Each structure stands twice: as structure tokens, then as C-alpha cells.
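Dear colleague,

Please find below the structure that I am handing over to you, together with its sequence. My findings follow directly after it.

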Amino acid sequence: MALQTLQSSWVTFRKILSHFPEELSLAFVYGSGVYRQAGPSSDQKNAMLDFVFTVDDPVAWHSKNLKKNWSHYSFLKVLGPKIITSIQNNYGAGVYYNSLIMCNGRLIKYGVISTNVLIEDLLNWNNLYIAGRLQKPVKIISMNEDLTLRSALDRNLKSAVSAAFLMLPESFSEEDLFIEIAGLSYSGDFRMVVGEDKTKVLNIVKPNIAHFRELYGSILQENPQVVYKSQQGWLEIDKSPEGQFTQLMTLPKTLQQQINHIMDPPGKNRDVEETLFQVAHDPDCGDVVRLGLKKSVIYSSLKLHKMWKGWLRKTS
């Protein structure tokens, strides 16, 4: 039955994908319509499917998609693919969304992001929006052979592990780790305070431990700073200042800069490495990292919210 459901879902996703232009470097689907979530509103069968399409040339892709799926777009369709791409690249988190679309008998939402913008987010956590989605289990439907993109996807997962390690104690369970990782992109997200279920992270992780293990298992096994007891689902990490400094130095650039901004006194102008060395010796190292994440995420989430509110006002 489980295999039958998996095959049925795969066919559904591929049929939906066939309605769109083929020039995709990456296509994936995520959320409660794909992976079961705990909680009262966990109707997986009727949940909206959330897609992300990564494209090398957004202008060309939107141009073709406007011809195929004119009705998917808001009033912005009359402005043409160049304006749509400009909005995509310069507002929100570098993603253009079409929402509440009926496609192949399912309600879907899909976001379009430039391959270069996604790679930057995966490596540097500029927005931690799509990068944050990809730190949780997703179903990849299509991916080309772009080695730079594949490397960035892997780097994003390793960065998520490093950030989580810095905010966890010396020993903890797999579930503790996956809850910390799943919550990274929600740190400071206003939606977790206003509107969305505050237990969302727990609802994502608890039914999907096996999927998180599949995503992160090999990274944990190969990490020299962790003892991963996979049979017991338990981990022990190096919390020495030296160990924490190593982890801090592997964090994405944007988060490192946020930490430097928090810790660098006015007029001191220390370089990032010097600040990170200080933070590694600080008993509150984990709290500093958490605050840095919060400041990174709150900016992009508010920016995206303002963009959506603007569009809704113009289309209402």
C-alpha cells in the first residue's frame, strides 16, 4: 500500500509538471500535501501542493509560461515577463509565486526562482527562504546535472547541521536535532507569532523522523565533530571553544555577518573571524547564533509579507 501511494504521488507530481515549460534546473514539491504533518488540520489528501521551479533564464521561462498558463498570473501578466522577472528578483525572497491554481485536479501553488539566486541563498543564507525549505524533506521531481547547484544543496544541509549543533547541548536526540534544523528558517518569522500554528515545527518533524534521517544521516556519519549513535538515535558533539569555533567558521556568510554585527561594539570594527573566535569562548554562544538567525529571517519574512499584501490589495 505504501509503495502504491508513493508511485501514485510521483505520477501526480509528474503530470502537474507536464503543464509547465520544461527548462527547469530543479523542481520540487513540499509541505503537508506531500509529507504527513501532525495536528488538527493535517488532511494530506486535500492539502494544497506547494511547488518550487528553479530556472536558469526567468524571462524566457515566464514568457513561455504566460503563453501556456496565462490565467495563473495576477494583473502583472499584462506587464510582461521582464517586469515579472524584475519583481521576482528584487522583491521578497527572490521568488515569484502563483497561488490557488487548479492543475490536474489538485490545488497548487508554485514559486519560480532563478538558479543563481537559489545557489546564493543555499550558500550564504541571504533569505533562508527556499534554502530553509530545502533543509526539510522535499520531493525532488526534476534536477539537471548542474554540479554547482548540487554542491550548494549539499552545503546548505551541512550549514544547517552546524547551526543546529551550536544551539544544542553536548548530547541530544535525533529528534532534538531535527526540530532545531526544521526551526532554523522560522527563527524570527512573524508568521510563527501571527497566524500560523506555533507548534508547526513539531508537527513537521514528529511524523517524518525517517525522512529527516534519510536527508541528514550520511552528513552526520561523516562529520568528525559528532559521535552519531544511529541505532539509539543519540548524538554527542564537541562543545569545546575549539569545536565551536570550527562550526562557527563553517556557517553561511550572512549569518556570520549578523553575529559580527551583534557582538562588535561601535567603533571597534573587528573582522568576522575575530568576533567568531570570541563567540566560540562565550557560554552564551548558542543564544548569539539564535539571535543572528532571528535577525536574518525576520527581515526577509517581513519583506515577503509586504510584497504579498501589496499584490493582494492590487488584485482585490
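The loop between helix H2 (58-68) and helix H3 (81-90) contains Trp-70. Please bear in mind throughout that this is a predicted model. Trp-70 has a relative accessibility of 45% and therefore counts as partly exposed, since that class covers values between the 20% limit for buried and the 50% limit for exposed. Together with Phe-75, Val-78, Leu-79 and Ile-83, Trp-70 makes a nonpolar surface patch of about 480 Å².

Three strands form an open sheet in the order S6-S8-S7, and their pairing is antiparallel. Strand S6 (171-173) and strand S7 (226-229) each have a single partner strand and stand at the edges, so one side of each has no neighbour in the sheet. From one strand to the next, the twist averages 20°.

Between S6 and strand S8 (residues 234-237), the antiparallel pairing extends over three bridges.

Helix H9 (residues 209-222), in turn, lies across S7 and S8, and H9 runs at about 130° to S7.

With kind regards

Technical notes:
Residues are numbered from 1 along each chain as its sequence is written. This is a predicted model: local features need pLDDT of at least 70, side-chain atom pairs count only at pLDDT 80 or more; totals for chains, interfaces and linings use all residues. Side-chain values use heavy atoms; hydrogens and water are left out. Two strands pair if DSSP finds at least two bridges between them. Helices (H or I, at least four residues) and strands (E, at least two) are DSSP runs, numbered from the N terminus. Axes are lines fitted to C-alpha atoms, for helices over the stretch in contact, and angles run from 0 to 180 degrees between N-to-C directions. Contact means heavy atoms within 4.5 Å. Patches are made of residues with over 30% relative accessible area and no salt bridge: like charges are joined within 9 Å, nonpolar side chains (Val, Leu, Ile, Met, Phe, Trp, Tyr) within 5 Å. Accessible areas come from the Shrake-Rupley method with a 1.4 Å probe; for residues, only the protein chains shown count as cover. A salt bridge is a side-chain nitrogen of Lys or Arg within 4 Å of a carboxyl oxygen of Asp or Glu. Buried means under 20% relative accessible area, exposed over 50%, partly exposed in between (1.4 Å probe, protein chains only).
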